[in-house]
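Hello,

Here is the structure I promised to pass on. My notes follow below it.

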Amino acid sequence: MGLLEDLINRSGSGCELCGTTANLSIYEVPPVSTGGVDGSLLACDTCKNQIEDPEAMDANHWRCLNDSMWSEHNPVKVVAWRMLSRLKAEGWSQDLLDMMYLEDETLTWAKATGEGLLESEKVIHRDVNGVILENGDNVVLIKDLKVKGSSLVAKQGTAVRRISLDRENAEYIEGKVGAQQIVIITKYVKKT
């Protein structure tokens with residue numbers, strides 16, 4: 001069975017957020033999804049569009065989270081928490097957030113995109129040219145870098161794909177160079 005079939009079985013052929021049965025597709029939960037059933041959910045076009053475009057938000061559509069926030073599946077809980085955080089100016093949303101409980105690991109995943117933080121609280125990662133970096137971006141090293149704790153030297157021009165951001169420090173990103181996951185300082189990369 002494929003991922004779509006697994007998600008359809010798990011969700012009962014409905015959007016795992018609002019319950020509708022029309023226009024369903026796989027939504028991989030960022031920042032860098034683990035993929036598969038543990039990193040994805042089945043969502044309708046309406047939910048996906050509003051998740052990806054905050055300007056298209058219809059607060060009343062998300063009242064469905066009153067039910068879906070209690071899902072036993074982490075990807076659903078993560079997206080529910082993020083959408084409730086985005087809508088926390090609404091009284092009902094804040095009430096639901098106050099009731100919601102997430103395990104530490106799940107809460108860390110939910111907070112990984114910076115959802116729910118004020119603009120002034122968000123950590124912004126910028127490359128050597130000042131371009132904002134996002135989770136999943138591809139970057140290129142602009143100088144040779146020695147990797148601490150190993151004999152590896154990451155050469156200038158090496159592409160690092162699907163980076164992940166350190167949510168506490170604007171100068172650090174992580175990515176794979178060869179088979180090794182390393183921490184890279186943002187002033188040594190440029191976005192491709």
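**Contacts of N23**

Beyond its neighbours within four places in sequence, N23 is in contact with A43, C44 and D45 (contact means heavy atoms within 4.5 Å). This is a predicted model: local features need pLDDT of at least 70, side-chain atom pairs count only at pLDDT 80 or more, and totals for chains, interfaces and linings use all residues. Residues are numbered from 1 along each chain as its sequence is written, and side-chain values use heavy atoms, with hydrogens and water left out.

N23 sits in the loop between α1 (3-11) and β1. Helices (H or I, at least four residues) and strands (E, at least two) are DSSP runs, numbered from the N terminus. N23 is exposed, with a relative accessible area of 54%. The cut-offs: buried is under 20% relative accessible area, exposed is over 50%, partly exposed is in between (1.4 Å probe, protein chains only). The phi of N23 is positive, about 50°, although N23 is not a glycine.

R162 also has a positive phi, near 50°, and is a residue other than glycine. Its place is the loop between β6 (159-160) and β7. R162 is partly exposed, at 47% relative accessible area.

**Helices**

In α2 (residues 45-52), the buried residues are C47, K48, Q50 and I51. Their cover includes β1 (24-28), β2 (40-44) and α4 (74-86).

How do α4 and α5 pack? The angle between α4 and α5 (residues 91-99) is about 140°, and their axes are 8 Å apart. Axes are lines fitted to C-alpha atoms, for helices over the stretch in contact; angles run from 0 to 180 degrees between N-to-C directions. The two helices are therefore oblique to each other. Under 35 degrees counts as roughly parallel, over 145 as roughly antiparallel, 65 to 115 as roughly perpendicular, and the rest as oblique.

On the α4 side, W81, L84 and S85 meet W92, S93, L96 and L97 of α5. The residues of this contact divide into five nonpolar, two polar and no charged. Here Ala, Val, Leu, Ile, Met, Phe, Trp, Tyr, Cys and Pro count as nonpolar, Asp, Glu, Lys and Arg as charged, and the others, Gly among them, as polar.

**Sheet**

Three strands form an open sheet in the order β7-β8-β9, with antiparallel pairing. Two strands pair if DSSP finds at least two bridges between them. β7 (164-165) and β9 (180-185) are the edge strands, each pairing on one side only. Six bridges join β8 (residues 172-177) to β9. Y172 has I185 in β9 as its bridge partner.

Best wishes
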